[in-house]
Amino acid sequence: MNRTTISLLATATALAAITGLAALTAPGSGAETEAKAPARLPVERSSLLCPTPSTSELAETAYTSFTPAGKSGDAKDGTAELKASAAVLAETDTAPAKDKTKKGDAAKGAKGAKDAKKPAPDKAVLALKEPGKPVAAKASGGDAPALVGTATGRLAPGWSAQQTTTETAGDARGLLGVSCTGPDTDFWFPGASTAKERHDYVHLTNPDDTPAVADIELFGKDGALKTTLTEGIPVPAGASVPVLLSTLTSDPAADLTVHVTTRTGRVGAVLRAADDKAGSDWLTASADPSGTAVLPGIPADATSVRLVAFAPGEDDADLTVQLAGPGGKIVPAGHETLHLKSGMTASVDLLDVTKGEAGSLILSPSQSGRATPVVAALRVVRGKGDKQEVAFIPAAAPVGERASVADNRAKGSTLSLTAPGAAAEVKVTASAGTEGGTQVVKTYKVKAGTTLAVVPPVPAGLKGSYALTVEAVSGGPVHASRTLALPKDGIPMFTVQTLPDDRGTVAVPAAEQDLSVLDD
């Protein structure tokens, strides 16, 4: 019996990540060695999806694409393009439902999927050329499409895109901003509503070449709501489908948690909420269920703040509610704790909780050792009377190694940095502008348990818009958000985007091993 030893001189390990794909070749000695810590390598492919902005003829939409410089590994080439998705259903926009849809239509999901129009010509709406310099495009009126895109090579790590729409009139008027999302199979949206004055749509976009089927569950204050959906919602390959929540149930609910999952395939999901009195904005998914939730960046002049939270597991959750402001953590008067019953949506009116100082809400377990996973979001209003404007802040994952947000203007941006635990230091880079300018870098120290709200640095000689990149330097986790304020006709229009880790790298385990083959 002969013993033959085959040494693996090189092992290729491919990892599929939600944000993309990383590949590596790792040399090995062939001898047994101690296990090595996983290496972090740049992703080689990223996908992003932007929802249909609007069908209002008054809508003005700006698209911005950006990849931060650095962390591209050995990649020298790459592309990053956003293209129009296949045309969505006949009811493609998020205009008020009272003018568009009757109850019980269930968003016309199955029928509309079959009737989806052919994709627009295969031409990029936005094509990024190099890291560190954003590019922008504009669209007017109601024909702006949903976008799907892929970045490869040196443009993939940390690729982000921003969609900003201004609507100056109508029930859905407002400044609507959304960071385009990556595809996934599971999303939580606390903060939705089917109340008479609300017209909320979930937009589902399929980036792949094969159809996807999605399910939508609704949870109110008494638990799961009965819906008209029985077979799921087909989302054709490369297409985008809007679903009007009020068509899914006959029971109006002021506060809802929406759960989107897929039976087959994957989608990008984001919710557009329109309020008859307070305007409209996008609500992105809450961070994954966790025992602690951080909701960063409540504006100093917020006139109304409403917390909506949900415990998706089998256990109830008892939470401590704290506001982290510039001087530390305080407990909102009368709202020291929050009890969440499993599977039931709870809400709390915090009114003008910031009292003139920007802050962030922190939800943590009331009892040590009893961390029940929760999801949460804030509905934030600025202004009063007929001059109100609404925006949403979901629970956000930490910045991690790095996070970026595009479409910042020379005026109107506020960066909020929250250190819920230990103090931290971060580096903030203001990129070159879309039409000119030189990047600027600045560091900030965030005290433990506080929120630091700053006017971010602006590129020297800025022309156009620019991107902000936040990188951890030292200390504890930092949660961040960007507020963009563009007042119009006395209305304090604004939108808030959180900055979770861009997942520009993935952990790749070291691969060294000996294989022995026994021959008779």
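I began with the hairpin that joins β24 to β25 through 2 residues, bearing in mind that the model I was reading is a predicted one. The two strands, β24 and β25 (residues 328–330), pair in the antiparallel sense over 3 bridges, and when I looked up glycine 325 I found it opposite glycine 328 in β25.

Next I asked myself which other strands are joined to β24 by bridges. I noted 4 bridges to strand β26 (residues 337–340), with the two strands running antiparallel, and there leucine 319 has leucine 338 of β26 as its bridge partner. I also noted 6 bridges from β24 to strand β28 (residues 359–365), again antiparallel, where glutamine 322 has isoleucine 362 as its bridge partner.

I then moved to the loop between β23 (302–310) and β24 (317–325), which is where aspartate 316 has its place. With a relative accessible area of 37%, aspartate 316 is partly exposed, because that value falls between the 20% limit for buried and the 50% limit for exposed. I also looked up the charge around this position, and found that Asp316 gathers with Glu314, Asp315 and Asp318 in a patch of negative charge on the surface.

My last entry concerns strand β15 (residues 212–220), for which I wrote down that 7 of the 9 residues are buried, so β15 is largely enclosed by the rest of the structure. A hairpin of 2 residues joins β15 to β16, and 2 bridges hold between β15 and strand β16 (residues 223–224), which run antiparallel; glycine 220 has glycine 223 of β16 as its bridge partner.

For the other pairings of β15, I noted 7 bridges to strand β19 (residues 256–264), in an antiparallel arrangement, with valine 260 of β19 as the bridge partner of isoleucine 216. Strand β17 (residues 233–235) also pairs with β15 in the antiparallel sense, over 3 bridges, and here I traced alanine 214 to its bridge partner in β17, isoleucine 233.

Terms used
Residues numbered from 1 in each chain as written. Predicted model: local features only at pLDDT ≥ 70, side-chain atom pairs only at ≥ 80, totals over all residues. Heavy atoms only, no water. Patch = residues over 30% accessible without salt bridge, like charges linked within 9 Å, V, L, I, M, F, W, Y side chains within 5 Å. Areas by Shrake-Rupley, 256 points an atom, 1.4 Å probe, with all protein chains shown as cover. Salt bridge = Lys/Arg side-chain N within 4 Å of Asp/Glu carboxyl O. Lys, Arg positive; Asp, Glu negative; His and termini not counted. Charge placed at Lys NZ, Arg CZ, Asp CG, Glu CD. Buried < 20%, exposed > 50% of the residue type's maximum accessible area, 1.4 Å probe, protein only. Pairing = 2+ DSSP bridges.
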